[in-house]
Amino acid sequence: METFDFDEEVNRRAVPALKTHPMVLGQGGEHLFAAGVADMDFKAPPVVLQAMQQRLDHGVFGYEAVPEALFPALTDWLKTRHGWQVDTQHILRAPNVLNSLAIAVSLFSGPGEGVIVQPPVFFDFYDILRENDREIVRNPLVLQDGRYEMDFAGLERLAADPANRILLLCNPHNPVGRVWSPQELRRMGQICARHDVLVVSDEIHGDITFSGHRYTPFAALGEEFAGNAITCISPAKSFNIASCCSAFTIVSNAERRQTFQAENSRLTVNKNNAFASVAMLAAYARGGPWLDAVLTCLEKNLALVRRYIAPLAEVELIEPEGTFLVWLDFRKTGLTPDDLIAFLRRKAGWAVTRGQAFGPEGEGFVRLNIACRHAVLEQALQRLVQNVSHAKHFSAKGLKSQ
Ligand SMILES: Cc1ncc(COP(=O)(O)O)c(C=O)c1O
């Protein structure tokens, strides 16, 4: 069996990686544990690197079509890995998932109309909605016994308002790590169908689930659900190729697909990048063993987080079912959101994403990316454990405690 090395140290600063960029880490942040931006610190799968190298060796980079084998490789992947049978005719290429979400929102709702989100949720959803002049309609998730649930009664009420046209779903959910079950998705989908609310589903994290949890593509629940869905997927997260891949929009409703296709043409976002094509093809056709290995590595990292966090009175781990993002509840420290971030930065050396970036429900929480070397994560956790008992006396302004 092929083995992969997830302990190899790779200098992310050798390229302008966002995760370690001053834009993200701020002034003087070079020594911090960079655990904000949602990518992995690992090299892409060897099969992807080889395919890209071969393409580079070819040396000519004129205009190209989509490789014939790409859509079948994607549909095979979705079928064998997730039990989702997708017709290749239903797939459209997109430059990236956010672009696909933005186009869906702009096409299938109008300015001033409502788009329902379930916060705390990925912050870029808000940017897309604001930049498109859509009303952000919030149906917060409910945190019950350490687990987030959808508020179905709230959804029913909001979906019934004819001004609300779309539900922007995050499946699995960044940042709380829920891998929505078929029952939850079905109930949600029935509410949306009943009130003619289109489900635009961001499923970029779908391949990354932990033992005992299975990703259900919303559109795989059946024709009646697929017909009311636009699904946005990409291999960016699964194979750590965010800066050199593109994405896919899956639309089974023919009329909406034609509308989407026409918009892609109008915006001329239908060009193909040679490296993205070969990287995605290699990943979907031959990247399975690497993904399995990376999932094992992430499970080990998650076990480490559990082990260090469990004894702490000040912090609670919201147990993730998927994604490599971990949602930590620091509300018991009593720190303000700004002080919490300052405390983690100064005392634990952590650069993580502040919870309120995902909506006000995220105040007192932070999102920690665990897709890094095991040893680096362990050192970061040790620094937290050594300092967290002093957290409640910390104030960034008054510097009551340094
Ligand atoms: C839920 C979610 N959607 C989309 C993206 C970004 O996707 P892309 O880079 O393909 O636009 C991210 C990246 O963090 C994400 O977490």
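Predicted model: local features only at pLDDT ≥ 70, side-chain atom pairs only at ≥ 80, totals over all residues.
Hi everyone. Let me start with a definition: the expected span of a helix is 1.5 Å times one less than its number of residues.

Helix H4 covers residues 97–108, which makes 12 residues. How far apart should its ends be, at 1.5 Å a residue? The helix should span 16 Å, and its end C-alpha atoms are 16 Å apart, so the two agree. Which residues of H4 are buried? They are Val97, Ser100, Leu101, Ile103, Ala104 and Val105.

Now let's step back to the whole chain. The domain assignment gives two pieces: domain 1 (12–45 + 288–393) and domain 2 (48–286). Notice on your screen that domain 1 is written as two stretches of the chain. The centres of domain 1 and domain 2, taken over C-alpha atoms, are separated by 25 Å. How many residues take part in the contact? Domain 1 puts in 29 residues and domain 2 puts in 31 residues.

On the domain 1 side, the elements giving two or more residues are helix H11 (288–309), strand E11 (316–318) and strand E12 (325–329). Helix H11 gives the most there, with four residues. By class, this side of domain 1 divides into 16 nonpolar, five polar and eight charged residues.

Next, the core. The largest nonpolar core has 124 residues, and those with the most contacts inside it are Ile116, Leu168, Val200, Ala279 and Ile370. Which helix gives the most to this core? That is helix H10 (residues 274–286), with eight residues. The core also draws at least three residues from each of domain 1 and domain 2. Let's zoom in on Ala279. Leaving out residues up to four places away in sequence, Ala279 touches Val48, Ala51, Met52, Ile241, Cys244 and Cys245.

Finally, some backbone details. Most residues other than glycine have a negative phi, and most peptide bonds are trans. Here are the places that go the other way.

First come the peptide bonds. From proline 119 to proline 120 the peptide bond is cis, with omega near 0°. You'll find proline 120 in the loop between strand E3 (114–117) and helix H5 (123–131). Another cis bond joins asparagine 174 and proline 175, with omega about 15°. Proline 175 is in the loop between strand E7 (164–170) and helix H7 (182–194).

Then come the phi angles. Aspartate 133 has a positive phi, near 55°, and is not a glycine. Aspartate 133 lies in the loop between H5 and strand E4 (135–138). Threonine 323 also has a positive phi, of about 70°, and this threonine is in the loop between E11 and E12.

Is each of these two buried or exposed? Aspartate 133 has 12 C-beta neighbours inside 10 Å, so aspartate 133 counts as exposed. Threonine 323 has 29 inside 10 Å, so threonine 323 counts as buried.

Notes: Residues numbered from 1 in each chain as written. Core = buried A, V, L, I, M, F, W, Y, C linked by C-beta atoms within 7 Å. Buried ≥ 20, exposed ≤ 12 C-beta atoms within 10 Å, placed from the backbone. Domains from an automatic or database assignment. Contact = placed C-beta atoms within 7 Å. Nonpolar A, V, L, I, M, F, W, Y, C, P; charged D, E, K, R; others polar.
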